Amino acid sequence: MSNVNKIKETKPTQCFSYEVNMLVHIIADDEATAKIQLDDKGGIVTKRDVKLVNTATLYGESKDK
C-alpha cells in the first residue's frame, strides 16, 4: 500500500474576452427617458457584431492529448 493520495485532476477554466458592437433601438418620448430605459431594461437589438479578442487560462492546466 502507498501513503500517497491521488491529487484531484484539475480542469482548465478560461476567460474569454469579446469586443461587442451593437445597434439598439429604444422607443421613448425623449432622449433622457430613452437613456434611463436603456440602462434599466435594455432595448431592441437589431445588429450585433462579436469578435473574440483574448482567451486566458485561469485555473488548472491543459492536458496533452
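Guide: The structure holds two salt bridges, a salt bridge being a side-chain nitrogen of Lys or Arg within 4 Å of a carboxyl oxygen of Asp or Glu. This is a predicted model, in which local features need pLDDT of at least 70 and side-chain atom pairs count only at pLDDT 80 or more, while totals for chains, interfaces and linings use all residues. Residues are numbered from 1 along each chain as its sequence is written, and side-chain values use heavy atoms, with hydrogens and water left out.

To place the two pairs, consider the chain first. The protein chain has one helix and two strands, arranged along the sequence as β-α-β. Helices (H or I, at least four residues) and strands (E, at least two) are DSSP runs, numbered from the N terminus.

Lys-35 is partly exposed, as its relative accessible area is 47%; buried means under 20%, exposed over 50%, and partly exposed in between (1.4 Å probe, protein chains only). Helix 1 covers residues 31-41, and it lies largely in the open because one of its eleven residues is buried. At the start of helix 1, a side-chain oxygen of Asp-30 comes to within 3.3 Å of the backbone nitrogen of Ala-32. After helix 1 comes Gly-42, whose phi is positive, near 85 degrees.

The other salt bridge is formed by the side chains of Lys-47 and Asp-49, at 4.0 Å from N to O. Lys-47 is partly exposed, with a relative accessible area of 47%, and Asp-49 counts as partly exposed at 40%.

Strand 2 (44-59) also holds Val-50, which is partly exposed at 43%. Val-50 belongs to a nonpolar patch on the surface, together with Phe-16, Tyr-18, Val-20, Met-22, Val-45 and Leu-52. Such patches are made of residues with over 30% relative accessible area and no salt bridge, with nonpolar side chains (Val, Leu, Ile, Met, Phe, Trp, Tyr) joined within 5 Å and like charges within 9 Å. Strand 1 gives the most to the nonpolar patch, with four residues.

Finally, for the chain as a whole, buried residues make up 2% of its 65 residues.

Conventions. Polar contact = N/O pair within 3.5 Å; in protein donor to acceptor, adjacent residues only side chain to side chain. Areas by Shrake-Rupley, 256 points an atom, 1.4 Å probe, with all protein chains shown as cover.
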